[in-house]
Amino acid sequence: MSSHELLIGLAGVLVAAAPIVFATIGETFTERSGIINLSVNGTILLAAMASFAVAVNTQSIVLGFLMGMAVGAIVALLVAFSSIALKQSQVAVGFVLTLMTRDLAYFLGNPYMGLQGPRVQNTPIPILSDIPVIGPLFFSHDPLTYFSFILIGLAWWWMFRTRPGLTLQAIGERPEAAYARGAAVNKLRYLYTALGGALVGLAGPTYSLSVKAGWKGTISGLDGIGWIALALTIFGGWDPVRGAIGAYFFALLQWLGLVLQPYLPNVPSQVLQVAPFPLMILTLLLVNIGNAEWVDRTLAGLPPDARRFIQRVLRWMQVVPPASLGVPFEEE
Amino acid sequence: MKPRWENLAFATAAVFVALAFTSLVLVTAGASPFEAYWYMLKGSLGSWAKISDVLVAWVPLLLATAGLLITFAAGLWNIGVEGQIVLGGIFTTWVLRLLQDSTLSPAFILILAITAGALGGALWAALAGLLKVFGGVNEIFGGLGLDFVAVALTLWLIFGPWKRPGIGSMSGTEPFPPQLWLPTLPGSRLSLWSLLIGVVSIAIVYFLLSGTYFGLKLKAVGKNPRAAYLLGIPTTRYLMMAFVLSGLFAGLAGAVQVTAVYHRLIPAISSGYGWLGLMVSMLINFQPAWAAPVTFFFAALNIGSIQLPIVLKLDSSLSGVLQGALVLSFLLMGGVRQRWLKKHQQEASDE
Amino acid sequence: MEIELRHIHKYFGPVHANDDITLTIPSGSIQGLLGENGAGKSTLMKILSGYLRPDAGEIRINGSPIEMHSPADAIRFGIGMLHQDPMDFPPMRVLDNFMVGYPEGLLLPREEARQALLDLSAQFGFSLDPDAYVESLTVGERQQLEIVRLLWLGAQVLIFDEPTTGISAQQKEKLFAALHRLADEGKTIIFVTHKLEEVELLCDQVAVLRAGKLVGEARPPYDLDALVEMMFGKVVTKGARVSAPLGKPVLQIKNLAVESHRLRIEGVNLEVREGEVIGLAGMEGSGQRQLLRACAGLIRPVEGEIWVDGHNLTGKSYHDFMRHGVAYVPAARLEEGLVPNLTLLEHMILADEQRGLIIDRQAALQLTKERIETFNIRGRPHSPIESLSGGNQQRALLALLRPGLRLLLMEHPTRGLDMESAIWVWQTLKRRCREERTAIFFMSSDLEEILHYSDRILVFFSGQVSEPIPATETDIEHLGQLIGGRGFNTPEEATP
């Protein structure tokens, strides 16, 4: 492969990763506040379909995007509402919604299959896009990809450098204490769920109006992206930057799968396509294994030097979820 | 209000809400709800042939649900059930292919193949179990990842080593000769044997969960594993057993799909019965007594919705919309009901 | 700020937790609120700090009635509460904890906050490291963080809920000094406790609650007997110290070392005999729990040996220990000891020997009814376990224990229980010591409990374990000093 092809390929990876970055950062915010939104997978499909439908009918890309974000926010709010107001399990409701929104997407999207819709245009940044290597890589994209770059920085700044961001961490960790300190825990949970949901919804039109333009129903290739975003949220340790890195890594793997295919004719295409998923399991294994009890017991039986070394490695890898993730909070 | 009537009232309200929502969806798609429901009804219960089709779809769904009730009792979200059904189908196909040219009696081959299917599902579930119990990987993600791997495995087999002579195609592997089909009733695709397997399975699960120490201990593990451990229950072993048993029944579902329905391995061998089984389990609030009727109803919805593309140019995923709406509606109404009850209780105690 | 509580009522279902309480608290003083567990003190203070809303009554500050709907409102009025379990965020750093809840601004005032934290700490003689993680702090240090935080937010009224549980004598001194100083500065301090000595030492006036009602107030000099009578309505004594006759060794710990996240205890040598009660004293997080769990096989020791009844069980699992007659009773009843949603009957079935595959519900029902009688549990066989009160849950936990145990390991056996339930629990336990020759190994933050019921006491400080001290040879003062580190080999004099 020529270096030019490589550059184009990598630039493509950045574009393909953008929707995953949106979904991962969105879900990171939602989960940091304490709510787990399992409906992400179906939501992306429904948002993609709905935004495409709106864009086709109104010929307005902006309206399409707004629709996608609205769908994401509404579905996520439904999960939050069922948990906060109705005390139902977030996992159960989220799971039903992930299936139902997918079926809704296929059902309502039927008439739109294969249609041509408006597409987001590329807007290279003048001067910057002419810089060799960096130019085509970072500055020759469409507005959405630019936004995905900015979002990473914005999300990090919000969560770790602002007062409301500290409150966000607090309500996910120990809502009773946050409440005692004056945080309106449940109101904030609704807010961040809506925000996170809107970002997840944003991934939809980013596909159907840009990266994978159009609506192709069951073969749209979007089914599964939501689950990846959920896994990446964990893998990222509920840190938006780390989660985004995971998203780029995932997109890179998918691209590598395509690129390497002709060089490995004996390996069936399915293996390379599905390879990211066992890899996902492996990474989840690595970030979680330190929490297993049998590990503690086995370590205790080892000589102190070996034990301390392994412990240090494990501690470096481990991720710790927000302590009250999935647990509803009762304000009196 | 007496509890019985209360239950009925809430259930009716929940069904009504679900139907209202689905009707709204239909209207948005430009279709008439009554027409759609009518065709679905006709398409599922309109003739004996249709009803037998529903029963054919009922068995694997019932099997998947039966297995899921065990993992739910243990507090597990066995999202890997789809993959377990697939592996059941794969193992069954494998044994059938292996033995189809041998001198063993077809009945014996079928028994071996179906057993293999159950084992295949159990094995795949055990994998998810190991990941969870020893790896700390949440069973939702572990199961999901394995689901994808199972599908990829199926595709590879169908387009690779097990492909039909000529080119591999999405229609699956070479169909097995009729003597390796599970015997069906004359004139229908329904096999009494698969019905038997289904009914016996749910009966076993019912008995296990309500009458035995195993069931009670499993529930304790599901509700509070730390306390269960302190009470002397080997939680790790029980969790693994729950996975294996659930996978066993899922594997049986896959086996039935291969031997009684499709007579070969196809890419969609699990037909979404795993997902559906999860939904049914939630709808019946994990009570085994309701598994049989509700799975029948859901199977009817699936079969009925096949009519929709043909007569109304609608996508058959409407059944999924209705099924999801029903479960969601019951979940939400359940929450509303608890709130209502709590308010009433408070008012009563204030008097 | 003068605080007035007028005719406060609060119900939790049928329980009348606060019954027509009217109380005036002058500013610039330390007000004691005395009562035993369950008297309604915490509830009243949670109402005052905005955490709960009263069902009737009003609160006035300096004569004007105020309405509060949340703790945020209370903070705005200048009322802050230090809960018994500090309401902080263990995985976050001290500085971040300090800043959570600061009401204004978009950006985090990192530098200001750091300076304020250090200044305020210095004023009171606290030493808090802004960059340490809160989970590595002792309870006393976490309290200190809360105090400076509330002061930074401008609190004029500070409510302390049972602050001396689980802190060392040195930390207590610092705390009392801080309280006096705050009162002198004109702040209103409310000190909730069930310990008379503290009221004597500290309070300018005291109000006594019993069963939800305000039964009396007093000023110094305090008549302790009168206060006791107000607290209990009658004379309640724990009874004399009883010791069971000791038998042969049940538990032998040889040179044991146990490690957990941040802690290592080592060099523990102990022999526990039949009928003996060993109490583990120390601040929370000093290693008592680790030792208890190691003796149950729940944690594996990194060095040393554990022998039960002559069998070497080092490294074996809890279920192996169970087979040798060891049982572990956790403090967190609903989180670790009982299974919510399961009924009392189902718990009994689980705790019993398994007879065959199928459950004989009739027999189990009979057995459960008998146990309910014997243990005086207020609950029915089909009641879900979480519907039982704390005291009854503890009775249920004890009822689940098999007879003929060799070693009983208990975390905080009477935590959160009222006096009567606590006395009943110990009566039952002592009976096991006498009649069944069970040895008991328990930990508690209540030094009185440890002194009264133990035969020998082990004191924990920062991972070091003292030699066993016979209970008759020590007292509360001495123990308080020890758990603060005096007497242990530390490089510099013991800390905060």
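Colleague: How many helices and strands does chain B have?
Modeller: Chain B has 14 helices and zero strands. Keep in mind that this is a predicted model.
Colleague: OK, how compact is chain B?
Modeller: As compact as a globular protein of that length, because its radius of gyration is 22 Å, close to the 20 Å that the globule rule gives for 351 residues. If you draw a box along the principal axes, the C-alpha atoms of chain B fill roughly 80 × 60 × 35 Å.
Colleague: What share of the residues in chain B is buried?
Modeller: Of its 351 residues, 56% count as buried. Another one for your notes is about contacts in chain B with a separation of 6 or more: 78% of these come from residues 24 or more positions apart.
Colleague: Switching topic. How many residues of chain A are in contact with chain B?
Modeller: On the chain A side there are 36 residues, and they are in contact with 41 residues of chain B.
Colleague: Which elements of chain A give two or more residues to that side?
Modeller: Those are helices H4 (90–109), H10 (225–235), H12 (269–274) and H13 (276–288) of chain A.
Colleague: Which one gives the most?
Modeller: That's H4(A), with 13 residues.
Colleague: Now chain C. What's the strand order in its open sheet of six strands?
Modeller: It goes E6-E7-E8-E3-E9-E10, and the pairing is mixed.
Colleague: Why is one side of E6 and of E10 in chain C left without a neighbour in the sheet?
Modeller: Strand E6 (79–82) and strand E10 (213–218) of chain C stand at the edges and have a single partner strand each, so one side of each has no neighbour in the sheet. From one strand to the next, the twist averages 20°.
Colleague: Do E3 and E9 of chain C run parallel or antiparallel?
Modeller: Parallel: four bridges join E3 (residues 30–34) to E9 (residues 205–210) in chain C. In one of the bridges, Gln31(C) has Gln205(C) of E9(C) as its partner.
Colleague: Which helix packs on that sheet?
Modeller: Helix H8 (residues 224–232) of chain C does, touching E3, E9 and E10 of chain C. The direction of H8(C) makes about 30° with that of E9(C).

Technical notes
Residues numbered from 1 in each chain as written. Chains lettered and ligands numbered in written order. Predicted model: local features only at pLDDT ≥ 70, side-chain atom pairs only at ≥ 80, totals over all residues. Pairing = 2+ DSSP bridges. Axes fitted to C-alpha atoms, helices over the stretch in contact; angles between N-to-C directions. Contact = placed C-beta atoms within 7 Å. Rg over C-alpha atoms; globule rule 2.2 N^0.38 Å. Buried ≥ 20, exposed ≤ 12 C-beta atoms within 10 Å, placed from the backbone.
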